[in-house]
Amino acid sequence: EEQKRLLENRPEQPPQPKVLRIAIIGAPNAGKSTLSNQLLGRKVFPVSKKVHTTRCKAWGVITHEDTQLIILDTPGLTNPLKAKRHNLDEAMLTDPWDSMKRADLVLVLVDVSDHWTRNSLSKEVLKCLSQFPHIPSVLVLNKVDILKKKFLLLEIATDLTEGIVNGKKLEVKSALKEDSSSSAKSPLHITQASPPESKVPGSPFGQEKNQAQEGSGLDNSSDVGGAGTGEAQGPKHHGHKDLKDMKGWPHFQEIFMLAALRGEEVDTLKRYLLMQAKPGPWEFHSDVLTNQSPQEICDNIIREKVLEYLPLEVPYGVTQVTDVWEEGECGELLIVQSLLVPRESHKRMLIGRGGRVISRIAREAGQDLMNAFLCEVRLKLKVEVKG
């Protein structure tokens, strides 16, 4: 009831409110929800190693002093064929596009631990960026802690940006190329590829030019476009033919390197986002953390565990029905949910030998719900075959 009231009532406004709507896009399982949770400081979005854990667009809200950041956490960009295979709603195809239409800034998240996909942006991501070239975009390299050979980050960054960031051409310094076996000199703390002249006043990235280049291994050797003024030309609309030949996007304004799961460098990104906010009214009350209802958060967290502990395509056929949602005398929350599966064999898998699997799901989901709702939660799960 409290969440409903906060979402329905007009939010209070500080004297000079600022706002920034951020769309986080990327391939399925790049870590978008993990990053959203880390930025928010609480787990409100489901996270799983399986693809398509996020089924719909959900918003997270960060309110800091006079600034409100609205994070548009979206399903991974996919195509109709894959959507059909995973039994996904049509919304999974349209929600990322809807989020882009509302965004003031887009974060493109890439999982650098996936050696199959890390050196090129997916066609869906490139298509999305090319449809909205006027929206400023930032490249975020995620899971850098898993990458043993840190020198590869420079090669990945060059590929994903087509060698251009903020209108400046990047060059990998030869010293780092030669020392290809070393992973000690990590460029994790250098998140800014453009030279200091373009810094926002008060930016936390105001290193000296040579210092920034030394740490990142990125050398802004020459301007691209701008008739010798150092100004980048605005991104042009790329046609389908252009996209076919592109591996990266040459219009990113910044590059960030972080480990969202461990929270490394997330604060640096958060400070940057707060600085990008523009004057405008707040959309949400300062106490709101997400636009999801408590029931939606509950469903998502339980589904996350089902995805985690069931094999292959099995979890995508589970339907959730909430039977009981009651608040006890001492403020504790009692939730009883039925998990409906299409086959008897799926029921046996979900229950597990001696009820181990379903007990583990209930225990871990209950703990996550306590952390999300900040109250005692008693969760009971039942498994039934769809009748």
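Predicted model: local features only at pLDDT ≥ 70, side-chain atom pairs only at ≥ 80, totals over all residues.
So, Cys-375: it comes out partly exposed, at 24% relative accessibility. Cys-330, on the other hand, counts as exposed, at 74%. The cut-offs here are under 20% relative accessible area for buried, over 50% for exposed and partly exposed in between, with a 1.4 Å probe and protein chains only. And how many disulfides does the structure hold? The count is 0, where a disulfide would be a pair of cysteine sulfur atoms within 2.5 Å.

Residues are numbered from 1 along each chain as its sequence is written, and side-chain values use heavy atoms, with hydrogens and water left out.

Okay, the sheet. Helices (H or I, at least four residues) and strands (E, at least two) are DSSP runs numbered from the N terminus, and two strands pair if DSSP finds at least two bridges between them. There's an open sheet of 3 strands, ordered β11-β12-β13, with mixed pairing. β11 (319-327) and β13 (377-385) are at the edges with a single partner strand each, so one side of each has no neighbour in the sheet. From one strand to the next, the twist averages 15 degrees. β11 pairs with β12 (residues 333-341) in the antiparallel sense, over 8 bridges, and Thr-322 sits opposite Gln-337 in β12.

Two helices pack on that sheet. α12 (residues 344-351) touches β12 and β13, and its direction makes about 155 degrees with that of β13. α13 (residues 356-373) touches β11, β12 and β13, at about 140 degrees to β13.

Next, the cores. A nonpolar core is a set of buried Ala, Val, Leu, Ile, Met, Phe, Trp, Tyr and Cys residues joined through side-chain atoms within 4.5 Å. The largest one has 41 residues, and the members touching the most others are Val-106, Val-108, Leu-121, Leu-129, Leu-141 and Ile-255. Elements that each supply at least two residues include β1 (18-26), β4 (105-111), α5 (123-131) and α6 (152-160). Which one gives the most? That's α6, with 5 residues. Leaving out residues up to four places away in sequence, Val-108 touches Ile-25, Leu-121, Val-125, Leu-129, Val-138, Leu-139, Val-140 and Phe-252. Apart from this core there's another, of 28 residues, Phe-45, Ile-62, Leu-107 and Phe-256 among them.

On to the rings. The search of the whole structure gives 3 aromatic pairs: centres within 6.5 Å, planes under 30 degrees apart called stacked, over 60 edge-to-face, the rest tilted. Trp-59 and Phe-284 are edge-to-face, 6.1 Å centre to centre with 85 degrees between the planes. Trp-59 is in strand β2 and Phe-284 in the loop between β10 (278-279) and α11 (294-309), so this pair ties together parts 225 residues apart in sequence. Both residues, Trp-59 and Phe-284, are buried. Phe-256 and Tyr-272 make a tilted pair, at 5.1 Å and 55 degrees. Phe-256 is buried at 1% relative accessible area, and Tyr-272 is buried at 3%.

Last stop, helix α2 (residues 32-40): 8 of its 9 residues are buried, including Lys-32 and Asn-37. Just after α2, Gly-41 has a positive phi of about 85 degrees.

How values were computed: Contact = heavy atoms within 4.5 Å. Phe/Tyr/Trp six-rings, centres within 6.5 Å; stacked < 30°, edge-to-face > 60°. Axes fitted to C-alpha atoms, helices over the stretch in contact; angles between N-to-C directions.
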